[in-house]
Amino acid sequence: MLKILDWIAWLCMVIAGTMLVVLIVIFGWLVFGRYVLNDTPTWVEQVSLLIVAYITFLGAALGIRDNTHLSIDFIREAMPEAPRKALGLLSDAALLVFGVIMAWQGWVLTITNTHRPIPMIDMAEAWRSAPLAICGVLMAVYSLANFLRRLFDAAPAGE
């Protein structure tokens, strides 16, 4: 199962990295269009917002997997073994609950926006909220994996 989770993480990094390259290319086109062709492409802003959402949410899910998400762990790490483990389990459980809620609400938002178009690019607004649901699912899965690793005395990924 860990191999599958590692493969999914690798795939998310490849997708986010590719999207970052695409973002750079379309901003290059924006600059070229504005200053050389004197014709600013209007679709770049909306496409870049869409791409940034995917990059951000995929990166957040990978942060949960690698235990590099925003957390204040210096207090936890300064404690003895038993409270440190309990606080780690509590942190993983809270992230699991948050991921499930994020996936659920992200899915609801995605479903309710299937008929609203994104201005300038003629895509459904659901594409902009889909990364929220995807990230929620990945956060829940990775935090569950970290919880189980910590519970059975194996260090979570990234520790």
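Which residues does serine 48 touch, not counting residues up to four places away in sequence? They are Leu23, Ile26 and Phe27. Touching, or contact, here means heavy atoms within 4.5 Å. Serine 48 sits in helix α2. It is buried, with a relative accessible area of 7%. The cut-offs are these: buried is under 20% relative accessible area, exposed is over 50%, and partly exposed is in between, with a 1.4 Å probe and protein chains only.

Some ground rules before I go on. This is a predicted model, where local features need pLDDT of at least 70, side-chain atom pairs count only at pLDDT 80 or more, and totals for chains, interfaces and linings use all residues. Residues are numbered from 1 along each chain as its sequence is written, and side-chain values use heavy atoms, with hydrogens and water left out.

Now the overall fold. The chain has five helices and two strands. In sequence order the pattern reads α-α-α-α-β-β-α. Those elements are DSSP runs numbered from the N terminus: helices are H or I with at least four residues, strands are E with at least two.

How spread out is the chain? The radius of gyration is 19 Å, well over the 15 Å that the globule rule gives for 159 residues, so the chain is more spread out than a compact globule. That radius is taken over C-alpha atoms, and the rule is 2.2 Å times the number of residues to the power 0.38. Along the principal axes, the C-alpha atoms fill a box of roughly 65 × 35 × 30 Å.

Next, surface and contacts. Buried residues make up 36% of the 159. The chain exposes about 9,800 Å², and carbon and sulfur atoms supply 74% of that. Areas come from the Shrake-Rupley method with a 1.4 Å probe; for residues, only the protein chains shown count as cover. Take contacts between residues at least 6 apart in sequence: 68% of them join residues at least 24 apart.

On to a helix pair. Two packed helices are described by the angle between their axes and the distance between the axes. Here the pair is α2, residues 44–65, and α5. Their axes come within 8 Å and cross at roughly 5 degrees. Axes are lines fitted to C-alpha atoms, for helices over the stretch in contact, and angles run from 0 to 180 degrees between N-to-C directions. The two helices are therefore roughly parallel to each other. For that label, angles under 35 degrees count as roughly parallel, over 145 as roughly antiparallel, 65 to 115 as roughly perpendicular, and the rest as oblique.

Who meets whom? From α2, the residues include Leu49, Ala53, Phe57 and Ile64. From α5, they include Trp127, Ile134, Leu138 and Tyr142. The residues of this contact divide into 18 nonpolar, three polar and two charged. Nonpolar covers Ala, Val, Leu, Ile, Met, Phe, Trp, Tyr, Cys and Pro; charged covers Asp, Glu, Lys and Arg; the others, Gly among them, are polar.

Let me walk along α5, residues 126–151. Arginine 128 lies in this helix. It is partly exposed, at 22% relative accessible area. Beyond its neighbours within four places in sequence, arginine 128 contacts Gln46, Leu49, Leu50, Ala53, Ile118 and Pro119.

Leaving aside neighbours within four places, valine 137 contacts Gly99 and Ala103. Its C-alpha is 9.9 Å from that of tryptophan 107, 30 residues apart along the chain.

Serine 143, also in α5, counts as buried at 0% relative accessibility. With neighbours within four places set aside, serine 143 contacts Ile64, Asp92, Leu95 and Leu96. The C-alpha atoms of serine 143 and leucine 96 are 5.3 Å apart, across 47 residues of chain.

Two backbone notes. Asparagine 67 has a positive phi of about 60 degrees although it is not a glycine. It sits in the loop between α2 and α3, and it is buried, at 18%. Methionine 120 is not a glycine either, and its phi is near 80 degrees. Its place is the loop between β1 and β2. Is methionine 120 buried or exposed? Exposed, at 57%.

Last one: arginine 76, in helix α3. It is buried, at 11%. Its C-alpha lies 7.7 Å from that of glycine 88, twelve residues apart along the chain.
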